[in-house]
Structures are given as structure tokens and as C-alpha cells.
Protein chains: 6
Amino acid sequence: MTLGHVDVIRRSAALFDEVIVAVLGNPSKSGTFSVPERVQMLQESLQNVPRVEVVGVSRGLLVEFCREVGAPAVVKGLRSGTDFAYELPMALMNRHLTGLETVFLPGEPRLEHISSSLVKEVARHGGPIEGLVPQAVVPRLRERIGRPS
Amino acid sequence: MTLGHVDVIRRSAALFDEVIVAVLGNPSKSGTFSVPERVQMLQESLQNVPRVEVVGVSRGLLVEFCREVGAPAVVKGLRSGTDFAYELPMALMNRHLTGLETVFLPGEPRLEHISSSLVKEVARHGGPIEGLVPQAVVPRLRERIGRPS
Amino acid sequence: MTLGHVDVIRRSAALFDEVIVAVLGNPSKSGTFSVPERVQMLQESLQNVPRVEVVGVSRGLLVEFCREVGAPAVVKGLRSGTDFAYELPMALMNRHLTGLETVFLPGEPRLEHISSSLVKEVARHGGPIEGLVPQAVVPRLRERIGRPS
Amino acid sequence: MTLGHVDVIRRSAALFDEVIVAVLGNPSKSGTFSVPERVQMLQESLQNVPRVEVVGVSRGLLVEFCREVGAPAVVKGLRSGTDFAYELPMALMNRHLTGLETVFLPGEPRLEHISSSLVKEVARHGGPIEGLVPQAVVPRLRERIGRPS
Amino acid sequence: MTLGHVDVIRRSAALFDEVIVAVLGNPSKSGTFSVPERVQMLQESLQNVPRVEVVGVSRGLLVEFCREVGAPAVVKGLRSGTDFAYELPMALMNRHLTGLETVFLPGEPRLEHISSSLVKEVARHGGPIEGLVPQAVVPRLRERIGRPS
Amino acid sequence: MTLGHVDVIRRSAALFDEVIVAVLGNPSKSGTFSVPERVQMLQESLQNVPRVEVVGVSRGLLVEFCREVGAPAVVKGLRSGTDFAYELPMALMNRHLTGLETVFLPGEPRLEHISSSLVKEVARHGGPIEGLVPQAVVPRLRERIGRPS
């Protein structure tokens with residue numbers, strides 16, 4: 001979870017009546033943090049943002065979750081045309097399966113350099129991750145994968 | 001105005017509380033139809049779509065209009081990554097000027113071949129434009145620029 | 001194998017004298033189905049398409065296979081500009097090695113949401129895969145990787 | 001007409017039974033050369049390429065011409081993903097109108113710098129256009145738009 | 001001339017021994033400002049940047065100018081992959097003609113919304129152009145094309 | 001290491017005062033050759049190119065290495081707009097971390113088909129790799145991963 005994600009959530013919350021942040025577990029790979037850990041960090045980072053709820057989703061397709069909670073659309077941040085080409089088949093598949101729409105918000109340029117994989121690489125080498133991830137994530141990410149800086 | 005535009009408006013109306021379709025006049029080039037003509041055709045094409053209002057805007061920046069009517073975001077259809085690269089600076093400029101957001105909806109693939117300029121070219125050669133533009137536009141476009149088919 | 005592949009094969013068969021569908025085994029990763037299984041399913045799915053032959057190729061470069069069977073060109077479906085950027089070096093490498101050409105057919109937009117990986121993900125969660133893969137593939141894919149739906 | 005066009009035509013002629021080069025007049029803008037002049041130059045440049053015919057088409061849609069001559073597909077050269085994004089709606093529109101297919105051949109990288117507009121700009125400033133356009137075009141283009149070099 | 005141009009020039013000056021800013025006149029269209037006016041504004045905006053010289057070039061190809069002044073490379077800012085696809089043929093043509101190289105600097109994301117055409121549109125409607133163009137340009141652009149704000 | 005890399009290094013050496021080729025070890029995956037092997041092969045391939053030094057870097061971020069050796073910028077080859085979209089976040093991250101700039105050189109089109117992964121695939125099947133990698137690499141790559149041809 002990076003400041004880029006937080007920015008997209010924050011801006012979504014200003015546009016929509018209710019925003020549910022779905023933290024999806026991926027059974028086929030073990031991420032840096034577990035689903036409950038990620039839910040916890042997101043809740044801390046978003047605690048002053050109204051109309052946002054963070055929910056962990058351990059299994060199932062995104063479309064199923066959205067149907068259960070009554071969400072008519074998914075919001076995604078978009079950084080480049082290549083991003084869009086990657087996201088488009090997923091958006092169309094979701095629409096095909098249940099009619100779920102996807103709306104894209106252009107990413108904040110000031111945060112364009114922040115991708116999860118680059119942040120992890122910086123952390124792994126003990127580089128400065130302040131200004132890349134929310135304050136609540138900094139010490140945990142450093143403890144989990146970083147060298148002492 | 002094509003079926004692609006109508007599709008994006010229709011899907012926006014299902015997601016948002018209120019959709020205002022702004023028909024912008026471009027003083028530096030004379031389009032095929034005037035602003036009032038375009039407003040009229042859009043109203044006919046959208047008359048069974050709830051929560052949509054069509055408004056002609058003869059002058060001024062889009063951000064000014066949105067501020068006047070209290071719109072927090074613009075909705076745009078997106079067909080390809082190249083589209084996004086073209087739209088991005090405009091979206092960021094609008095955010096810079098007044099904080100106006102832009103949300104992108106992926107275009108409906110079944111309508112991907114329908115661009116305004118291609119439709120006009122088909123009409124100009126008397127080709128079949130049914131299935132490309134709304135029914136309300138077919139006879140007027142044919143009368144305005146098409147050869148008798 | 002998805003309906004997208006079948007569509008490109010079908011349209012190729014309408015344009016070219018003879019179409020050979022090469023099912024390439026990848027020794028470095030074990031796919032969902034073996035080469036003979038994929039050949040079998042393709043043959044069932046394409047049995048009413050004239051001028052098409054399905055062949056399993058267990059080893060070697062694609063250019064070698066094409067030289068053996070006398071194919072002057074490979075046909076690939078293309079969904080986006082990003083697809084093209086990915087395919088281009090391969091196409092140029094094949095031309096460099098043996099003069100083998102690559103011709104690209106734009107994918108059918110109605111099938112744009114269908115990628116192999118997304119179909120597998122839908123199947124893995126027991127979602128509906130009818131309308132995504134040929135009828136001959138549905139039960140086998142569901143049996144192989146899907147939960148009971 | 002550049003060496004890039006000639007290369008795509010030449011390679012098409014090696015793949016297809018018959019290639020018809022359609023020189024389309026554009027009534028809304030006057031090009032550097034008239035349709036008959038362009039037909040003449042193409043014929044000279046392609047005289048040793050078998051199975052190629054050059055035809056001037058003064059009016060009508062490309063799909064109509066293809067239906068008249070019985071062409072099932074159009075061949076286009078493709079230089080980049082952005083090219084593809086530009087060509088795709090046209091290809092899909094042609095398929096929508098009459099079922100006409102479009103097949104794309106990747107451009108020859110050695111000729112990637114050669115676009116019609118850049119060649120004209122070089123000619124306009126009296127730069128060397130040998131190696132950019134066919135030999136038959138060099139003196140005529142220089143006479144038409146170039147300064148004496 | 002925008003703050004984006006100034007940023008690329010400034011960063012180039014930190015990397016290269018000498019930077020010559022070539023202001024090219026375009027005989028086929030009359031810009032908002034003449035070549036001498038643009039040279040004057042650039043000089044004012046860059047007066048505290050060392051190793052930069054501003055030169056007006058009224059005629060000829062860019063490659064000729066670079067050969068005359070002994071410049072081995074051109075520097076261009078790059079905002080997106082679509083930008084690159086547009087710039088690439090020019091870069092390759094210049095290399096073909098005289099061996100002139102082109103090096104690309106990624107644009108500053110904070111300035112990504114600033115394109116010349118958008119700035120002019122903002123100015124035309126009397127919008128705020130401070131923060132988009134250098135201070136030396138603000139009053140002149142407003143006088144030339146803007147409404148009183 | 002391919003002829004594409006050598007080309008970019010060679011052209012960089014013609015533009016910049018000093019070029020340091022950093023061979024980065026990747027601890028999380030074992031490449032085809034070790035860092036010392038790659039340094040050795042690069043030195044052999046570049047021995048007649050002035051102003052170029054090859055250095056193995058076994059650990060740490062690229063920005064740290066550049067700060068240690070005083071390099072103000074990284075040079076990268078760029079083949080397509082998709083390449084740029086991939087490289088851009090890394091370039092911006094490096095600028096964020098230490099101010100390190102990235103300059104992009106467009107790849108040589110004649111070498112556009114040469115990517116490391118394609119070369120390895122050709123070698124794995126015993127195909128001809130002369131003309132794809134430097135002469136110093138041919139026998140070693142064939143010995144390491146190729147079948148006898």
C-alpha cells in the first residue's frame with residue numbers, strides 16, 4: 001500500500017457516496033503483509049477520511065464481493081496508457097460477468113514514481129521510504145523487509 | 001454525436017446522482033451542427049434516461065461551467081491507451097485550475113469503431129449510418145452532409 | 001484456448017489458402033493442459049472450419065516448424081497497441097532468422113475481455129466460463145481447475 | 001509515396017495471390033501529387049514486382065472499392081502501438097460496413113524514420129531524399145516542392 | 001513557451017557542457033509570437049541558468065543548424081509513450097540525415113498538464129496562466145491572446 | 001548482453017565525457033552469467049570504445065552507486081512507447097531519491113528485434129546467435145545454454 005493508493009481512495013471518497021476498500025488475498029502468492037495486516041494499516045492511514053470502509057476479502061472473485069455489498073462500480077487509478085491496456089480486459093470481463101463497471105481516476109503526477117515493487121526495492125536496500133508510503137506503513141515495512149538504514 | 005457518446009452517458013447516469021451533458025460550442029471551427037441543434041438531438045436520444053440534463057454552453061472554459069453548476073467531476077469515455085495519453089494533460093489541467101476531477105469509463109467494445117470523424121466520412125459517401133448514431137440523428141446527418149443513398 | 005483464439009483462426013481461414021494451428025509445448029512451464037489435450041480440444045472446436053489443420057509441436061523454434069511445413073507467415077491476433085509493442089520484437093526476430101513474416105489481425109472487440117489468464121481466474125473461482133471458451137473446453141477446464149459452481 | 005510503402009507492398013505480394021494498390025484521391029485536400037501522377041510513380045516503382053496492380057480511385061469509400069474488385073482484406077503497415085490505436089477504429093468500421101478485414105504487417109525497422117510528412121519537410125529544405133522515396137519519385141518530388149540542393 | 005520547456009532546458013544545462021535553445025520559425029503557420037519575441041522571452045526566463053544560449057533559426061532543417069553549431073545531439077522532453085511514438089521517426093530521420101542524435105529527458109510530472117495548446121486555451125478564456133508559463137511570458141501572452149481576467 | 005546494449009553504450013560514449021557501465025547483480029534470481037563473467041564479456045566487447053569503463057556492482061541501489069562514482073545521469077535505450085511507460089516510474093523514483101536523472105536514447109531500429117529473452121530462446125534451441133550478441137558472447141552463451149547447432 002502506497003501513498004498513490006491512499007490518494008486515489010481519498011479522491012474517490014470526495015466523489016462517491018460510499019467507498020469500500022477491498023483488500024484481496026491472493027492464495028497463489030504470499031505477499032509482504034497478510035490481509036489483516038493490510039486492513040489494519042489502511043484503516044490507520046484513512047482514519048480521517050469520511051465515507052471509507054476497509055474490508056478484507058479472503059476468497060472469491062471481485063465481482064462476487066461487489067454484488068454482495070451492492071457496489072455498482074470499481075475505482076482504479078491510472079498512470080499511463082500502458083496501464084489502461086492492462087486494466088481494460090479486466091474491466092470488460094467484470095462488466096461481462098455481472099455488469100460491474102470500472103471507473104478510472106488519473107493518478108496524481110506527484111506520486112507517479114511510486115509503485116509497490118519500486119517501494120519494496122527501496123525498502124530492501126534500506127533506502128528512505130518516507131514520502132512513498134503512509135506513515136503507518138513506514139516502520140512495519142522497514143521491519144519486515146528493510147535493512148536497518 | 002454517436003452511439004458511443006450515448007452509451008457513456010447512459011452508463012454514467014446509472015452510476016452518478018445527476019449527469020449534465022455539456023454541449024460546448026467551439027468558436028474557432030464551425031461544426032456540422034450548431035449547439036442548439038446538438039442539444040435538441042441529444043435530448044431526443046436521451047429522453048428515456050433518468051437523471052440526465054443536456055445543456056448548451058456557448059462560451060468559457062469547461063472548468064468554469066462545472067463550477068457554476070457545482071459538478072465535481074467530468075466523465076469521459078476511453079477507448080485506448082492512446083486516448084488516455086491525449087486526455088491526461090486536459091484532466092490534469094482541469095484539476096490544476098479548479099480541482100475538477102475527471103473520471104474515465106472504458107468505452108463499450110461493440111461501439112469501438114464509431115468515431116465522429118469516421119461516421120461523418122461514411123455519411124459523406126452515402127454509406128449506412130444506422131447503428132452508428134442515434135435514430136434521432138440519422139436523417140439530419142444524412143440531410144446535412146450525406147449523398148442520397 | 002479461448003473464443004478469441006478461435007475467432008482469429010476462423011477469420012484467418014477465410015483469408016488464406018491453408019491455416020496450420022501450431023500448438024507449442026513450453027518445456028519450462030507446465031500448462032493447464034498438455035499439448036495433445038490442447039490439440040484435441042482445438043480440433044473439436046474447429047471441426048466445421050475448412051482449410052484448418054491443428055498440429056502439436058513439442059520442441060523447437062516456431063521458425064523451424066514454419067520452414068518445415070512451408071508456412072511463409074504467422075498470424076497473430078492484436079488487441080491493443082501494447083500488445084503490438086510486445087509482439088513486434090518477436091515478429092522482427094522471426095523475420096531476421098528465416099524471413100518468416102507475421103501478419104496481425106485486429107481482435108474482435110466483442111471478445112476483447114477474454115484473455116487466457118482471466119478465463120483461468122474465473123474458472124478457478126467457479127465463475128461462468130460459457131461464452132469465454134469453446135463449448136469443447138468448458139467441461140474440461142471446469143474439471144481441471146474450477147471449483148464446482 | 002515512400003520506400004516504406006513500397007516495402008509493405010512488396011512483402012504483401014509475396015504473401016497474397018493478388019495485391020491491388022488503391023490510390024485514393026482526397027477531395028477535401030489537395031496533395032502534392034494528383035491521383036494519376038501517384039499511380040504513374042507507383043507503377044514505375046513496382047514494375048518488377050509480380051502480382052501487383054496499381055489503381056486510382058477518385059471517389060467513394062474504400063469498402064466500396066474492395067467490394068467491387070472482390071478484395072477480402074486491406075493490408076496496412078504498422079510502425080508502432082500508437083499507429084495501431086489510430087488504425088483500429090478504421091479497421092473495425094470497415095469490418096462493420098461490409099465485413100472487409102484489415103491485416104497489418106509490421107513495418108521494416110530500417111525504414112522506420114520514413115513518414116510522408118518528414119520526407120516532404122526534408123524535400124522542402126532541399127535535403128537529400130534519395131534512400132527515402134523510390135528512384136522514380138526523387139526528381140519529381142524535388143521539382144514539385146524542393147529547393148534546388 | 002511553457003514552464004515545461006524551461007524545466008527541460010534547466011535540467012539539460014545541468015547535464016551537458018553547453019545547451020543551445022533553437023527557436024525555429026515555421027513558415028507555414030504564424031504562431032502566437034514571432035521568432036525574435038520568443039527568443040527575447042526565453043532569454044529573460046533563462047537568464048540565471050548557466051551554459052545556455054538562445055538562438056533564433058528562421059529557416060532550414062534542424063539537422064543543418066546542429067551541424068553548423070557543432071551540436072552532436074538534440075534534447076527533447078518526453079511526457080508519455082505516445083509522445084515517444086510521435087518523436088521517434090523524427091529522431092531516426094535526423095540520425096539518418098547527419099548522424100544527429102536525440103536524447104530524451106522524462107518531463108517533470110508536476111508540469112505534466114502544461115501543453116502549449118492547453119495554455120493558449122486557458123489564456124484565450126482569461127483563465128489564470130501564472131504557474132503555467134514563465135513570469136516573463138504571462139503579461140505578453142495575456143495581452144496577445146487573452147481576455148482581461 | 002546483446003548488440004543492442006553495445007550500440008547504446010557506444011553512442012553514449014560519443015555524447016558524454018565518461019560512461020560507466022554498471023553490471024548489477026540481482027540477488028533474487030540467478031542469471032545466465034555471473035556479474036564477473038558479464039563484466040569480462042562487456043570489457044572484451046567494448047575494448048575499442050574510448051571513455052567507457054565497466055564496473056560490477058554486487059549490491060545496493062543504482063542511485064547509491066551513481067552517487068559514489070559521481071554520475072549525474074543514467075542512460076537507457078528506448079525501443080517503444082511501452083518501454084517508456086515501464087521505465088518512467090523508475091526514472092522518477094531515482095530523481096526523487098537523489099536527483100539522479102535518466103536520459104533515454106532511442107534504440108537502433110536495425111537491432112529492434114534483439115531482446116535478452118528472445119536471444120536466450122534462440123540459443124536454447126540452437127539457433128544462430130551471431131549478429132545478435134557481441135562476438136565475445138557467442139561461444140559462451142552457446143556453451144552455457146544452447147544445444148549444439
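## How the chains meet

Take chains D and C first: 100% of the interface residues of chain D are also interface residues in chain C, so the copies meet through the same surface (contact means heavy atoms within 4.5 Å). This is a predicted model, where local features need pLDDT of at least 70, side-chain atom pairs count only at pLDDT 80 or more, and totals for chains, interfaces and linings use all residues. Residues are numbered from 1 along each chain as its sequence is written, chains are lettered from A in the order in which they are written, and side-chain values use heavy atoms, with hydrogens and water left out.

Now for chains B and A.

| Chain B with chain A | Value |
|---|---|
| Residues from chain B in the contact | 24 residues |
| Residues from chain A in the contact | 24 residues |
| Area buried | about 1900 Å² |
| Salt bridges | 4 salt bridges |

Buried area is the accessible area (1.4 Å probe) lost on putting the two parts together, summed over both; carbon and sulfur atoms give 67% of it here. B:Leu15, B:Phe84 and B:Pro106 supply 26% of what chain B buries against chain A, more than any other three residues.

One salt bridge (a side-chain nitrogen of Lys or Arg within 4 Å of a carboxyl oxygen of Asp or Glu) joins B:Arg11 and A:Glu101 at 2.9 Å, N to O.
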